[in-house]
Amino acid sequence: MRELELYFGPQHLGMVGNFSITLKVEGDRVVKADANPGYLHRGFEKLMEQRSWIKNFPMVCRINVVEPDSMELAYATAVESLAGIEVPERAQFIRSIYLELARVGSHLFGLWAYSNMLGFDTAAQWAMYHRDLVLDLFEELTGGRVYHIYIWPGGVRRDFPEGFEKRLVETLHSIGGCVPDYDACFFDNRLFYDRAAGIGKITREEAMEMGGTGQALRATGVPYDVRKIEPYAAYDKVPWEVPTREDGDAFSRIWVVRDEMIESVHMIFKLLDEMPKGDVYNRIPNPFKWRIPEGETYVRCESSRGELGLYLVSDGGDKPYRVHFRTPSYPHGLTILEKALVGESISDVGNIMISLYVVAPEIDR
Amino acid sequence: MDRALIDSLSSTFDALRVEVPREDRLTVQAPRDAVMSVLSFLKGRGYDHLHMVSCVDWMEEGQFELVYVLSAYGTGQDSASNPGEEIILKTRIPRELPTVVSSISLFKNAEPYEREIHELFGVRFEGHPRLTPLFLERDYEIPPFRKDFDTRQYVEDFFGSIPPVGEEDQDV
């Protein structure tokens, strides 16, 4: 059969985000896939070298549009580790709660993208609505709906407002109450199984040799989670589990996402019970005249897509010397995606890409 | 950090500078020729997860610094490597004609990182199968992430040379 070249994205119904894949197809089977990022490259890491330490917070948020909060955390902890700043215990708890809330919001968005792509419009609309409830909570806490700029060096910007904890619990209960509906409509639906089981399969060895983390790895049975292996914020203060699955296909990855969301909600309840009283930030020097001691650091955390790392170098000045983010979508969207697409049908390209949880701005930066 | 690992690193390789800045962190400074053998040594010891390859431009010293961040997945039989520890391997190469051997044969996910560093810093990776552009659409005289590339000047020169809409009409 004749081989054809097919451009999948950046303007394609099955594509989420500004990303394209150049496919070589034979019939409707993919023979070779070339991931093609660059539609969104803003050179943030270079721009950050020209702005003072504190002014970079609005920039790091925009690297991952869907979940900006773990970016804030990575940058704030890197600055803290270079400058030797401690974070009060209450702020550690608030950070964990805030990050788990962000994870729920991000997973709901991912669920919208995935179920929408498969044609499950009802579940997709529910997920978008529930994400909006999470955004309302963020708006009340931080003033922003999408980009929050809430975590900063030394703690968080402000304490929970009056009555926030009650509204947080209520909202999470009302979202959690819909889990049986989601299951009936989507997760236990035979059509979802038929479309996703065995699709985009990656073995454990393949995932590990290509730098996979997050759902891509946990769906192959490896309980690898930075929150467990190198705990930060308050993740070592309460008990929680790392959900895994064994098959390594799109079906398993989306189920890991579902289980993770539920685990996050339970974790928020546990953290709220244990939360101590006290300050929420330690004073930092005047941010406009702030010079960070010379040095380099590497920090990592678990974003909703996998392991997020940041290599930060200071030359002792008032601006970073070099910033480099290790974003989880980078290996997932370039190395693993190119491998996972080979041999699959054209109709499953979007399925595999979204189940790998690739978000294009993270790759381009 | 495992003491035995540090000892065997310094006894296997000469000219390594090994530091322990934190309990769970190891920084290794290696000469360019030793990078591949150190990476393969560490991979054999269970450090099988390459986080990233990065590059820092130390313009005043006339050098690029390549940075490899490694840790362990912790799934192997050998439990000596703890997944909570990271190893940062650094090597300095001259800014004039910078070349280094590609590490794809050891870590497949090094491919896009090396491609990016080639594009943004102009470092050549020997043995890399596709050093084609990844992000950028135009050609640059100086690779744009080098310190002597002035972003603001470039924006002024490049976009400033495009006449504003309607200017031709005003001249008439």
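Helices (H or I, at least four residues) and strands (E, at least two) are DSSP runs, numbered from the N terminus. The model is predicted: local features need pLDDT of at least 70, side-chain atom pairs count only at pLDDT 80 or more, and totals for chains, interfaces and linings use all residues. Residues are numbered from 1 along each chain as its sequence is written, while chains are lettered from A and ligands numbered from 1 in the order in which they are written.

Start with chain B. It holds 5 helices and 7 strands. From the N terminus on, their order is α-β-β-α-β-β-β-β-α-β-α-α. The C-alpha trace spans about 80 × 35 × 30 Å along its principal axes. Chain B has a radius of gyration (over C-alpha atoms) of 21 Å. A compact globule of 172 residues would have one near 16 Å, by the rule of 2.2 Å times the number of residues to the power 0.38.

Now the interface. In contact (C-beta atoms, placed from the backbone, within 7 Å) are 26 residues of chain B with 26 residues of chain A. On the chain B side, β3 (49-58), β4 (63-71), β5 (86-94) and α3 (110-121) each give two or more residues. β3(B) gives the most, with 6 residues.

Tyr68(B) is in contact with Leu39(B), Leu50(B), Val53(B) and Leu89(B), leaving aside its neighbours within four places in sequence. Of the contacts in chain B with a separation of 6 or more, 53% join residues 24 or more positions apart.

How values were computed
Two residues are in contact if their C-beta atoms, placed from the backbone, lie within 7 Å.
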